[in-house]
Amino acid sequence: MRVQTTATLVLAATLVLAACGSDAASSPSLAGKPFANEKGKRSITIDAVDNDFAPAYVTITKGTTVTFTNRGHNVHNVIAVDDGFGSVASGFGPGVSRDVRFDQTGDFPYYCSLHGTATTGMTGGIRVVG
């Protein structure tokens, strides 16, 4: 019984240390995420609601303007993980919107640093195609 308990503790400690060792600044994978198809539109809106973005993951066409609108009760921000589009706002309250135009193709993961990290919590991603 003691060997099994020790093995369980070692496994648990390994998992915790592996999670703590992750680099929040590294780009999270967007593979397997449920992307909403918004291709061909000149502009779209992504809502920041309490602890979520809606839709969180979108595919857009190069040149599209994305409006981030706070429709929640809390202050939010939108931070690009890889400086792909910079920070939309250091904090914007309920009812406030911020625009970002995407002129480069690629994947642009983002998050709200007030309600998550680059890899957990309030996260999203924009896939820009030509």
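The dialogue below walks through the features of one predicted model.

Visitor: Before going into detail, how many helices and strands are there in the chain?

Guide: The chain of this predicted model holds one helix and 10 strands, and along the sequence the pattern runs α-β-β-β-β-β-β-β-β-β-β. Of its 130 residues, 35% count as buried, and the accessible surface comes to about 7400 Å², with 53% of that belonging to carbon and sulfur atoms. Among the contacts with a separation of 6 or more, 55% are accounted for by residues 24 or more positions apart.

Visitor: What is the strand order in the open sheet of four strands?

Guide: The order is S3-S2-S5-S8, and the pairing is mixed. Strand S3 (52–54) and strand S8 (97–102) each have a single partner strand and stand at the edges, so one side of each has no neighbour in the sheet. On average, and with direction ignored, neighbouring strands of this sheet are turned by 25 degrees against each other.

Visitor: In what sense do S2 and S5 pair, and how many bridges do they share?

Guide: Strand S2 (residues 43–49) and S5 pair in the parallel sense, over six bridges, whereas S5 and S8 run antiparallel and are joined by six bridges. Phenylalanine 68, for its part, stands opposite arginine 98 in S8.

Visitor: How many aromatic pairs does a search of the whole structure find?

Guide: A pair of aromatic rings is described by the distance of the centres and the angle of the planes. The search finds eight aromatic pairs. In one of them, the rings of phenylalanine 68 and tyrosine 110 have centres 5.4 Å apart and planes at 75 degrees, so the pair is edge-to-face. Phenylalanine 68 belongs to strand S5 (residues 64–70) and tyrosine 110 to strand S9 (residues 106–116), so the pair ties together parts that lie 42 residues apart in sequence. Phenylalanine 68 counts as buried at 1% relative accessibility, and tyrosine 110 is buried with a relative accessible area of 0%.

Visitor: What kind of aromatic pair do phenylalanine 102 and phenylalanine 108 form?

Guide: Theirs is a tilted pair, with 5.5 Å from centre to centre and 55 degrees between the planes, and both residues are buried. Ring pairs link Phe102 and Phe108 with Phe53, Phe68, Phe85 and Tyr110 into a cluster.

Visitor: Which residue lies over the face of phenylalanine 35?

Guide: That residue is arginine 127, which lies at 4.2 Å from the ring centre.

Visitor: What joins alanine 54 and proline 55, and what is the phi of asparagine 51?

Guide: As a general point, most residues other than glycine have a negative phi, and most peptide bonds are trans. Here a cis peptide bond joins alanine 54 and proline 55, with omega about -10 degrees, and proline 55 is found in the loop between S3 and strand S4 (57–61). Asparagine 51 is not a glycine, yet has a positive phi of about 75 degrees. This asparagine 51 is found in the loop between S2 and S3, and at 42% relative accessibility counts as partly exposed.

Visitor: Is alanine 118 buried or exposed?

Guide: Alanine 118 is found in the loop between S9 and strand S10 (121–129), and at 3% relative accessibility it counts as buried. The C-alpha atoms of alanine 118 and aspartate 82 are separated by 9.6 Å, although the two residues are 36 residues apart along the chain.

Conventions
Residues numbered from 1 in each chain as written. Predicted model: local features only at pLDDT ≥ 70, side-chain atom pairs only at ≥ 80, totals over all residues. Heavy atoms only, no water. Phe/Tyr/Trp six-rings, centres within 6.5 Å; stacked < 30°, edge-to-face > 60°. Helix = DSSP H or I, 4+ residues; strand = E, 2+ residues; numbered from the N terminus. Buried < 20%, exposed > 50% of the residue type's maximum accessible area, 1.4 Å probe, protein only. Lys NZ or Arg CZ within 6 Å of the ring centre and 35° of its normal. Pairing = 2+ DSSP bridges. Axes fitted to C-alpha atoms, helices over the stretch in contact; angles between N-to-C directions. Contact = heavy atoms within 4.5 Å. Areas by Shrake-Rupley, 256 points an atom, 1.4 Å probe, with all protein chains shown as cover.
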